[in-house]
Amino acid sequence: MKRSLIFFSLLLGEHALAQDKPQPREMEMCKVQIELYCQFEREQKDFREILKCLAKNDDKLSTECKQEFQRFAQASRQTTPPGGGPLGALGGLTGLGSQAPSLFYEGRFIQGSNDSPETPSFLESNLNTSVPVFKTEKNTVAVTLGGGNLHLSEPVILSSGTKVSTNFYKADVGLQYSRSLENKRRFGLLGSVGYSGDKLDTDTQSFNVSANYSFPGSNDNQWVLMVMMSNNSPLGTFVPVPGFFYIYRTSTFTGLFGLPILSIQWTPVNPWSFSFSVFGPTLKTEVAYGEIDKTQFFTGFGWKQQRYLLSERTNKDERLTIEEKNAEIGFRRPLFQGVFSEFQTGYTFDRSIYLGEGLFNKDGGSADLDSSWYLKWSVKVTF
């Protein structure tokens, strides 16, 4: 099986969510190749079979076709909330359920500071899986499971005197529903429940619910309307957060313009690609060089937050936030059938841990952490 199928099936999955349905007519840059080589699969309306057909004709696919997959995949990577989980789709949206069962693991190690004992080492692991349980031409239902652990080698003491735990956990189960409507319109729902905090108990329970509706704009572009609500979101807790974005595409450019998401993906000259994305308080930018179905080398800059619930907090509206900026280099490539990997090394700086209500609020105390080097690795498997 060709590597392009591995790459496409790993990365695209539900990331065609803004389209009417996972059919080739929406892959404008691949339209000619699909009509030439995959007409039967197209008539069967099975997206996974279309991907297999494209893989068999890998050598005949145009660069523009491959790059369109690449741009949507990169937009998804850059707008995935830290830790993944049920909201780990494009911009945290509901959308098409996964077309095939998948398993994703990500790990990161941040070296502690020898000069500052208050800055511990960090070891982080996250595991997420998605399994389609029901699929028809118009309806898709998928179950998602996620779990993770963040371990600090030493506890951190905030300026308020609060002692931060050395272990934080994430665990959740979610259900996605997506329905294709007439005239290239689509509706999706998602709900998830779980835990996100220093203990797995009732005080650290978390939930996410969201819905989206997409409809066509001009020139085969797409509008997406959405609303999200969570008890542990940087965009607002227990408050419905509306949003929208417009997907604009050309042969070398894919842009998502709206709130709270902005993503720009540009592939002007093969094998170069440039990208910039913002989703709430998460920012990622990258310059990459390499063939999309072989090895890509990249360098990038990011700014992110992770939020946790403390089991013994007296103010139920407070959230513990771990914030950092990072600069990194790395590479990504398919390994063998159904397995895709990525490795990064970088420098994390402007780091802090703080407790408070809302975005950037530090009323509950804070602590600055020293800058440090880190290693990060990930692997994704589809079945």
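The following questions and answers concern a predicted model of one protein chain.

Biologist: How many helices and strands are there in the chain?

Modeller: The chain is a predicted model, and its 383 residues include 54% that are buried. Its secondary structure consists of five helices and 19 strands.

Biologist: How many bridges join strand 2 to strand 3?

Modeller: Strand 2 covers residues 122-135, and strand 3 covers residues 139-152. The two form a hairpin with three residues between them.

Biologist: Which residue in strand 2 is the bridge partner of phenylalanine 104?

Modeller: Strand 1, residues 102-110, runs antiparallel to strand 2, and nine bridges join them. Within strand 2, the partner of phenylalanine 104 is asparagine 128.

Biologist: Which residues have the most contacts inside the largest nonpolar core?

Modeller: In soluble globular proteins, nonpolar side chains tend to be buried together. In this model, the largest nonpolar core has 17 residues. Strand 3, strand 16, strand 17 and strand 18 each supply at least two residues of this core. Those with the most contacts inside the core are Phe122, Leu320 and Ile353.

Biologist: Leaving aside neighbours within four places in sequence, with which residues is isoleucine 353 in contact?

Modeller: Neighbours within four places in sequence are set aside here. The contacts of isoleucine 353 are then Phe122, Val156, Leu158, Val164, Leu320, Thr321, Ile322, Gly365, Ser366, Ala367 and Leu369.

Biologist: Is tryptophan 377 buried, partly exposed or exposed?

Modeller: Tryptophan 377 is found in strand 19, residues 372-382. It belongs to a nonpolar surface patch together with Phe109, Leu123, Phe297, Phe331, Phe343 and Leu375, with about 590 Å² of accessible area together. Buried requires under 20% relative accessible area and exposed requires over 50%. Because its relative accessible area is 31%, tryptophan 377 is partly exposed.

Biologist: What is the omega of the cis peptide bond that joins asparagine 270 and proline 271?

Modeller: Proline 271 lies in the loop between strand 12 and strand 13. A cis bond also runs from leucine 259 to proline 260, with omega near 0°, and proline 260 is in the loop between strand 11 and strand 12. For the bond between asparagine 270 and proline 271, omega is about 10°.

Biologist: What is the phi of phenylalanine 360?

Modeller: Phenylalanine 360 is found in the loop between strand 17 and strand 18. Its relative accessibility is 42%, so the residue counts as partly exposed. Phi is positive here in a residue other than glycine, with a value near 65°.

Methods
Residues are numbered from 1 along each chain as its sequence is written. This is a predicted model: local features need pLDDT of at least 70, side-chain atom pairs count only at pLDDT 80 or more; totals for chains, interfaces and linings use all residues. Side-chain values use heavy atoms; hydrogens and water are left out. Two strands pair if DSSP finds at least two bridges between them. Helices (H or I, at least four residues) and strands (E, at least two) are DSSP runs, numbered from the N terminus. Patches are made of residues with over 30% relative accessible area and no salt bridge: like charges are joined within 9 Å, nonpolar side chains (Val, Leu, Ile, Met, Phe, Trp, Tyr) within 5 Å. Accessible areas come from the Shrake-Rupley method with a 1.4 Å probe; for residues, only the protein chains shown count as cover. A salt bridge is a side-chain nitrogen of Lys or Arg within 4 Å of a carboxyl oxygen of Asp or Glu. Buried means under 20% relative accessible area, exposed over 50%, partly exposed in between (1.4 Å probe, protein chains only). A nonpolar core is a set of buried Ala, Val, Leu, Ile, Met, Phe, Trp, Tyr and Cys residues joined through side-chain atoms within 4.5 Å. Contact means heavy atoms within 4.5 Å.
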